[in-house]
Amino acid sequence: MKKDPYKVVSLIYNHLMRTITYHDWAKYISDLQTFYFAKAETYLEIAAGSGKLASYLSKIFPNLVLLDLSKSMLLLIDENEKCVCADMTSLPFKSKFNFIFSTFDSINYLENKYELQKYFNEISRILSNDGVFTFDASLEKNSIKNAKRLNRKGKYRGLLYKQISNYDIDKKVHKNRFKVKLGNGEIIEEVHTQKIYDFELYFELAENSGLYVVDCFESFTFEDANSESERIQFIMKKNNA
Ligand SMILES: C[S@@+](CC[C@H](N)C(=O)[O-])C[C@H]1O[C@@H](n2cnc3c(N)ncnc32)[C@H](O)[C@@H]1O
């Protein structure tokens, strides 16, 4: 099992994300579900983080299951939710889901295309034949645009924190280094590495796994996206042919 990727950042996560409108994000995911699989009965959120999105969606997605690799993040989730601590490249389910979703660049945490392929293989295995899988992916334009803005520091619940963000255009790797100073003066650090994959690779690897791209939109819209987009919402189904 990989180590907890959000042990340090979980301490300040909800503060860092305070400007994100999870309510609108949940509405978008719910609109996708209504459009692509209104009759879905089984739901899985992958890389659910601190459960912000689920706090809206679990009201409309019955028996929603939340999965994340970080135990520290899962501990932030309301105890009434159904949580599973696991790696998205090795999903611990035998039963199938009708609607699987993942948000906020979580797929970019997969370090290389072999991991990405494993993830799609696992999705294909646990997605029902008529199921829908949707996720957003960050493309290079997003990293180039936002790397500077993500250099920030602040204070939250007595904890001083600093984020240093850098995009390596040759390696196509976006690193965010977080430093948090605890109350006792100790400084703890965590580096988040996100791999920026080419637009076309998602299509290729999905197909290898028996999935296909039904649509891909500019995030939060129903407008077609392309390789020049910043963040893309993919909608995939199983190729049952
Ligand atoms: C940017 S956060 C997004 C969290 C949440 N979806 C949100 O919108 O707030 C990325 C999440 O991916 C999780 N993660 C990273 N690698 C993972 C893996 N291999 N399997 C499952 N979860 C993973 C992290 O623990 C973290 O909670």
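**Close-up 1. Packing of helix α5 against helix α7.** Helix α5 (residues 113–126) packs with helix α7 (residues 199–208) at an angle of about 50°, their axes lying 9 Å apart, in what is a predicted model. This angle makes α5 oblique to α7. The crossing of the two helices, α5 and α7, is right-handed. On the α5 side, the contact is made by Lys113, Leu116, Gln117 and Phe120; α7 contributes Leu201, Tyr202, Leu205, Ala206 and Asn208. Sorted by class, the residues of this contact are 6 nonpolar, 2 polar and 1 charged.

Close-up 2. Seen here is an open sheet of 7 strands with mixed pairing, in the order β3-β2-β1-β4-β5-β11-β10. Strands β3 (82–85) and β10 (211–218) stand at the edges; each has a single partner strand, so one side of each is left without a neighbour in the sheet. From one strand to the next, the twist averages 20°.

**Close-up 3. Pairing of strands β5 and β11.** Strand β5 (residues 127–138) and strand β11 (residues 231–238) run antiparallel and are joined by 7 bridges. Phe135 stands opposite Phe234 in β11.

**Close-up 4. Helices α2 and α5 on the sheet.** Helix α2 (residues 22–37) lies across β1 (43–46), β4 (97–102), β5, β10 and β11. Relative to β5, helix α2 runs at about 145°. Helix α5 also packs on the sheet, where it touches β1, β4, β5, β10 and β11. The direction of α5 makes about 150° with that of β5.

Technical notes. Residues are numbered from 1 along each chain as its sequence is written. This is a predicted model: local features need pLDDT of at least 70, side-chain atom pairs count only at pLDDT 80 or more; totals for chains, interfaces and linings use all residues. Side-chain values use heavy atoms; hydrogens and water are left out. Axes are lines fitted to C-alpha atoms, for helices over the stretch in contact, and angles run from 0 to 180 degrees between N-to-C directions. Helices (H or I, at least four residues) and strands (E, at least two) are DSSP runs, numbered from the N terminus. Angles under 35 degrees count as roughly parallel, over 145 as roughly antiparallel, 65 to 115 as roughly perpendicular and the rest as oblique. A crossing is left-handed if the near helix is turned anticlockwise from the far one by less than a right angle, and right-handed if clockwise. Contact means heavy atoms within 4.5 Å. Ala, Val, Leu, Ile, Met, Phe, Trp, Tyr, Cys and Pro count as nonpolar, Asp, Glu, Lys and Arg as charged, and the others, Gly among them, as polar. Two strands pair if DSSP finds at least two bridges between them.
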